[in-house]
Amino acid sequence: MTRIRLTREQSRDQTRERLLDAAQGLFMKKGFVGTSVEDIALAAGYTRGAFYSNFSGKADLLVELLRRDHDAMQTDLRGIFESEASREQMEARVLTYYSRMPQDNKAFLLWVEAKLLAARDPRFRVRFNAFMKEKRESLAAYIEEFSARAGTPVPLDPELLAVGLIGLCDGVQFLATADPQHVTPPVAEAVLAKFFARVVFGRDA
């Protein structure tokens with residue numbers, strides 16, 4: 001079988017993806033602080049030199065992981081508005097997406113690790129907060145689009161509502177991750193679905 005020869009750019013992209021995948025698994029298992037550059041390089045099958053050829057350090061790699069997860073989330077949110085849909089259909093899509101987030105968001109602990117690092121490292125905090133600002137502004141834009149297409153006003157300023165939604169989703173998911181025996185998937189789904197129905201959509205669940 002003929003082996004396909006990768007271009008230098010393809011090889012570099014492949015190396016980066018393998019390092020990112022290895023780091024994500026290790027960060028989720030051992031935590032950011034407990035994982036070394038050597039651990040990541042070894043798990044990916046590369047050397048320290050290969051790591052530093054692609055990333056300036058663990059914090060740089062962590063931001064890339066967050067960006068990758070954020071981009072995936074953006075794709076999912078755009079799917080809610082892709083086609084012409086009634087208000088009821090859009091509401092159903094939003095409820096399904098957010099109520100299942102505690103189960104479907106496999107990268108949640110990465111965001112926890114990033115927030116802990118931001119609380120302790122002033123330099124990383126500046127970079128992380130700029131990224132979170134972008135995340136909130138993006139969500140606020142989707143809230144405004146939903147309001148315009150549904151023809152109904154939102155109960156709060158979109159930016160304030162974005163902060164509240166992120167905080168609620170993070171809090172419920174944290175509880176579900178730490179105490180899955182009591183904060184079960186049905187409980188998490190019910191909390192998020194009822195909140196969205198009452199506060200965001202202005203109707204009873």
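In the lining of the largest pocket, α4 gives the most, with four residues. This is a predicted model, in which local features need pLDDT of at least 70 and side-chain atom pairs count only at pLDDT 80 or more, while totals for chains, interfaces and linings use all residues. Residues are numbered from 1 along each chain as its sequence is written, and side-chain values use heavy atoms, with hydrogens and water left out.

Helices here are DSSP runs (H or I, at least four residues), numbered from the N terminus. On a 1 Å grid over the protein atoms alone, a pocket is an open set of points with protein on both sides within 12 Å along at least five of seven lines, a cavity is a set where a 1.4 Å probe fits but cannot get out, and lining residues have an atom within 4 Å of a point. Grid points are joined across faces, edges and corners, and a volume is the space filled by probe spheres set on the points.

The largest pocket has a volume of about 190 Å³. Its lining includes Asp69, Met73, Tyr97, Met101 and Lys106; α4 and α6 (101-104) are the elements that give two or more residues to this lining.

The largest has a volume of about 240 Å³ and is lined by 20 residues, with Met73, Met101, Lys135, Ile166 and Asp170 nearest its centre. By class, this lining has 11 nonpolar, five polar and four charged residues (Ala, Val, Leu, Ile, Met, Phe, Trp, Tyr, Cys and Pro count as nonpolar, Asp, Glu, Lys and Arg as charged, and the others, Gly among them, as polar).

The second largest cavity, of about 160 Å³, is lined by 14 residues, with Val94, Tyr98, Tyr142, Ile143 and Phe146 nearest its centre. By class, its lining has 14 nonpolar, no polar and no charged residues. The largest share, four residues, comes from α8.

A nonpolar core is a set of buried Ala, Val, Leu, Ile, Met, Phe, Trp, Tyr and Cys residues joined through side-chain atoms within 4.5 Å, buried meaning under 20% relative accessible area with a 1.4 Å probe, protein chains only. The largest core has 28 residues, and Tyr98 and Phe196 are among those touching the most other members. Leaving aside neighbours within four places in sequence, Phe196 is in contact (heavy atoms within 4.5 Å) with Val94, Leu95, Tyr98, Leu165 and Phe201. A second, separate core of 27 residues includes Leu65, Leu117, Ala118 and Met132.

Notes:
Buried < 20%, exposed > 50% of the residue type's maximum accessible area, 1.4 Å probe, protein only.
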